[in-house]
Amino acid sequence: MNNTNLYHYILGIADNSLILGQRMGELCGHGPSLETDIACTNISLDLFGQVRSYYKYAAKIANDGRTEDDIAMLRKERDYVNVLLAEQPNTDFAYTMARHFLFDVYHFLFLTELQKSKDLTLAAIATKSLKEVSYHQRFSTDWIKRLGDGTEESHQKMQNAINDLWTYTDELFHQTDADKAMVAEGIGVDVTKLKAAYYEKVNAILEEATLSIPESKYFQKGGKIGIHTEHMGYLLTELQYMQRTYPNMEW
């Protein structure tokens with residue numbers, strides 16, 4: 001097995017949760033209600049907990065002296081390989097929930113398959129994480145329905161969010177060279193096989209929420225190969241501030 005491919009494959013999984021966790025963490029103290037505020041913060045903590053397991057494993061595989069903290073906090077922007085969807089900003093609460101929902105449906109399908117990995121460490125992380133992500137999906141799905149089938153204003157805000165974020169969904173099913181290599185070895189998940197189930201689930205929930213399914217056929221990509229949107233640099237500035245200001249801090 002090529003350890004380089006496995007290392008990059010793990011980053012491809014972990015970086016999504018790291019960046020999305022950072023976005024959700026930004027809502028601490030800013031949620032629309034105390035209960036929702038705490039829920040968003042707990043979701044962020046769930047994602048960071050998953051991330052730590054992935055980066056610990058990545059550091060062990062790299063075996064080059066770097067720690068989980070170094071991998072998480074001290075890479076440059078082009079070295080992060082999260083999908084563009086995860087880094088989109090919290091424009092308003094509808095955008096936050098739409099972004100989370102569109103990722104959660106994918107994340108649940110992905111982890112369900114990753115449990116079958118021949119790599120026992122990844123399979124164990126997936127099994128543990130799936131319980132948390134099952135809740136994440138229920139939480140965001142509930143808000144899609146509440147806002148979509150709510151007032152005229154909440155419906156329009158959620159529709160705008162879905163319309164704008166839809167362009168980032170197709171990238172979830174793109175494969176990198178590391179992805180393909182790990183699939184061939186029975187370690188990775190063939191995400192191309194998740195696409196039909198993903199859009200079927202997403203579309204059904206949008207219809208239930210009285211939201212229109214975007215007809216746009218144009219999709220953006222680049223995050224999986226380190227080419228990010230303008231938002232990523234600002235996000236990393238905050239994420240990495242403590243580690244770069246006070247070197248050698250540990251989680």
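Exposed means over 50% relative accessible area, buried under 20%, and partly exposed in between. I apply these classes below to a model that is predicted.

**Entry 1. Glu-153 and Lys-157**

I looked up Glu-153 and found a relative accessible area of 54%, so I record Glu-153 as exposed. Its partner in a salt bridge is Lys-157, with 3.5 Å between the closest N and O atoms. I note Lys-157 as partly exposed, at 38% relative accessibility. Both residues belong to helix α7 (residues 152-165) and stand four residues apart, about one turn of the helix.

**Entry 2. Glu-132 and Lys-128**

I next turned to helix α6 (residues 120-148), where Glu-132 and Lys-128 are both located, four residues apart, about one turn of the helix. Their side chains form a salt bridge, at 4.0 Å from N to O.

**Entry 3. Arg-52 and Glu-68**

Arg-52 and Glu-68 form a salt bridge in which the closest N and O atoms are 2.9 Å apart. Arg-52 is in helix α2 (residues 34-62) and Glu-68 is in helix α3 (residues 68-73), so this pair ties together parts that are 16 residues apart in sequence. I checked the accessibility of each partner. Arg-52 has a relative accessible area of 33% and is partly exposed, whereas Glu-68, at 12%, is buried.

I recorded the total for the structure as well: 10 salt bridges. Among them are Arg-52 with Glu-68, Glu-132 with Lys-128, and Lys-157 with Glu-153.

**Entry 4. Helices α1 and α10**

Finally, I looked up how helix α1 (residues 3-25) is placed against helix α10 (residues 231-239). Their axes come within 11 Å and cross at roughly 75°. Angles of 65 to 115 degrees count as roughly perpendicular, and I therefore describe α1 and α10 as roughly perpendicular to each other.

I listed the residues that make this contact. From α1 they are Leu-18, Ile-19, Gln-22 and Arg-23, and from α10 they are His-231, Met-232, Leu-235, Leu-236, Glu-238 and Leu-239. Sorted by class, the contact of α1 with α10 comprises six nonpolar, two polar and two charged residues.

Notes:
Residues are numbered from 1 along each chain as its sequence is written. This is a predicted model: local features need pLDDT of at least 70, side-chain atom pairs count only at pLDDT 80 or more; totals for chains, interfaces and linings use all residues. Side-chain values use heavy atoms; hydrogens and water are left out. Axes are lines fitted to C-alpha atoms, for helices over the stretch in contact, and angles run from 0 to 180 degrees between N-to-C directions. Helices (H or I, at least four residues) and strands (E, at least two) are DSSP runs, numbered from the N terminus. Angles under 35 degrees count as roughly parallel, over 145 as roughly antiparallel, 65 to 115 as roughly perpendicular and the rest as oblique. Contact means heavy atoms within 4.5 Å. Ala, Val, Leu, Ile, Met, Phe, Trp, Tyr, Cys and Pro count as nonpolar, Asp, Glu, Lys and Arg as charged, and the others, Gly among them, as polar. Buried means under 20% relative accessible area, exposed over 50%, partly exposed in between (1.4 Å probe, protein chains only).
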